[in-house]
Amino acid sequence: MAAFIAKQMVGNQLSAVKGAVGGDGGDDADDKEKAEEEERERQEAIREAEERRKEKHRRMEEEREKMRQDIRDKYNIKKKEEVVEQQMPQEEPNPLMRKKKTPEELAAEAEQEELDDFTKLKNQIETQVNELKTQIEGKCVMQ
């Protein structure tokens with residue numbers, strides 16, 4: 001992989017030098033096609049390397065889990081870590097990874113809070129008015 005990348009870097013630099021010295025204008029289409037092909041090859045090499053890395057880590061994790069299971073079996077230890085791991089994310093969501101609210105959602109929340117405050121105030125005023133009415137009616141006798 002490293003040799004391939006080194007070859008690509010040196011090859012690109014040599015191509016730039018050849019183009020500056022030679023000055024041929026007819027090779028632009030060929031150069032573009034060649035550059036595109038090299039980019040595809042580079043991307044393919046990167047993808048293959050990533051797949052090999054993931055496969056290697058998957059195999060290593062399987063081996064580790066097998067060793068863990070052997071130890072659990074040897075000492076009669078029950079596997080309870082999975083239950084704890086499944087409950088933890090539900091109880092403590094990561095505040096940094098939460099979904100961002102859109103401006104519309106923020107406006108709707110603010111409006112809801114205002115409505116709540118307004119409703120509370122309205123209810124307080126209505127109760128005070130009712131209390132005043134009962135006091136006045138108690139003091140005033142209609143003839």
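Student: Is Arg42 buried, partly exposed or exposed?

Tutor: Arg42 is partly exposed, with a relative accessible area of 32%. Keep in mind that this is a predicted model.

Student: Okay, which residue forms a salt bridge with Arg42?

Tutor: That's Glu39, and the closest N and O atoms of the pair are 2.7 Å apart. Both residues lie in helix H2, which covers residues 28–75, and they sit three residues apart, about one turn of the helix. Glu39 is partly exposed too, at 35% relative accessible area.

Student: And what about Glu50, who's the salt-bridge partner there?

Tutor: Arg53, with 2.6 Å between the closest N and O atoms. Glu50 and Arg53 are three residues apart in helix H2, so about one helical turn separates them.

Student: Switching topic: how far apart are the closest N and O atoms of Glu65 and Lys79?

Tutor: They are 3.1 Å apart, in a salt bridge. Glu65 lies in helix H2 while Lys79 is in the loop between H2 and helix H3 (81–91), so the pair ties together parts that are 14 residues apart in sequence.

Student: Which residues are in the network with those two?

Tutor: Glu61, Arg64, Arg68 and Arg72 join Glu65 and Lys79 in one network, through salt bridges that share partners.

Student: Zooming out, how many salt bridges are there in the whole structure?

Tutor: The search finds 15.

Student: And the overall fold, what elements does the chain have?

Tutor: Four helices and zero strands. Of the 143 residues in the protein chain, 2% are buried.

Technical notes. Residues numbered from 1 in each chain as written. Predicted model: local features only at pLDDT ≥ 70, side-chain atom pairs only at ≥ 80, totals over all residues. Heavy atoms only, no water. Helix = DSSP H or I, 4+ residues; strand = E, 2+ residues; numbered from the N terminus. Buried < 20%, exposed > 50% of the residue type's maximum accessible area, 1.4 Å probe, protein only. Salt bridge = Lys/Arg side-chain N within 4 Å of Asp/Glu carboxyl O.
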